Amino acid sequence: VTVSELFRRRGVVVENGSVYISAPNRGINLPPLNYDGKEYDESKLDEHWAYEAICFVRKKGLLEGTSETEFSPDKYMRRGMFVTVLARLSGEELPAKAAGFSDIDDNAYYASSVAWAVQHKIVNGEYDAQFGPNEFITREQLCVMLDRYAAYQEEQAKIKKEGVTSFTDEEEISPWARESVTLMVQSNVVNGTTDGAFLPQNYATRAEVSAVLQNYCEQMEHPSLWKQFIFWLFGE
């Protein structure tokens, strides 16, 4: 276990050039890097709190199961998979060029989706940089990517700002993510916890991502979903 890993589990992102003398306990206790979330009894999937959202994303072809018989709602979402979901949501043709990250193989299933996301500034990419496609996406990272997606689709103006505006753990939200988190929460696309926290460094589960996608699509009345439905109904 490294010092960086211990800090990460407390929700502290260690930055170059900064000095850290402690990692105070603020109620954050992230799991180890190799822990990918809880198993769920798939025979009771219709009892899961996100079942409606799970049905929504599966019907729209945004998020598939982890196998033919499992959806794994309480497993964490990986960054490469989330970018793939956004690419599917757009309904656009993906570029054939490389993604531009040293840790992404050109043959990976998410390679074209990441390249698409870089092209439209949904993620930042530089050659020889790393994207971390197999890392789990945090709740604040999810907000940033979805906010950038909304900006690319010119849909930010449609977002209704009706939700909460503050959290008990606001100081834990990274400065670069605060604007996006605020927008996504005020729009009720992403929700905080019942005790008023946001938990920005916590990993987003597949169920949470499903709920976020349903919230976003219903608010935007996303046109790409209608295009996908028409294609399914009539073909090209």
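I began with a cluster: Trp116, Tyr149, Tyr152 and Tyr216 form one aromatic group. The model is predicted, so to speak of local features I need pLDDT of at least 70, and side-chain atom pairs count only at pLDDT 80 or more, while totals for chains, interfaces and linings use all residues. Residues are numbered from 1 along each chain as its sequence is written, and side-chain values use heavy atoms, with hydrogens and water left out.

I searched the whole structure and got 9 aromatic pairs. Rings of Phe, Tyr and Trp (its six-membered ring) pair if their centres lie within 6.5 Å; planes under 30 degrees apart are stacked, over 60 edge-to-face, the rest tilted. Tyr149 and Tyr216 are edge-to-face, because their ring centres are 6.1 Å apart and their planes stand at 65 degrees. Tyr149 is in helix H5 (residues 139–152) and Tyr216 in helix H7 (residues 206–220), so this pair ties together parts 67 residues apart in sequence. Helices are DSSP runs (H or I, at least four residues), numbered from the N terminus.

Are these two tyrosines buried or exposed? Tyr149 is buried at 0% relative accessible area, and Tyr216 is buried at 0% too; buried means under 20%, exposed over 50% (1.4 Å probe, protein chains only).

Next I checked charges over rings (CZ of Arg or NZ of Lys within 6 Å of the ring centre and within 35 degrees of the ring normal). Arg79 has its charged end over Phe131, 4.3 Å from the ring centre. Arg206 lies over the face of Phe71, at 4.5 Å.

Last came H3 (residues 79–90), where 11 of 12 residues are buried, Arg79 among them. Just after H3, Gly91 has a positive phi of about 70 degrees.

Terms used. Helices (H or I, at least four residues) and strands (E, at least two) are DSSP runs, numbered from the N terminus. The expected span of a helix is 1.5 Å times one less than its number of residues.
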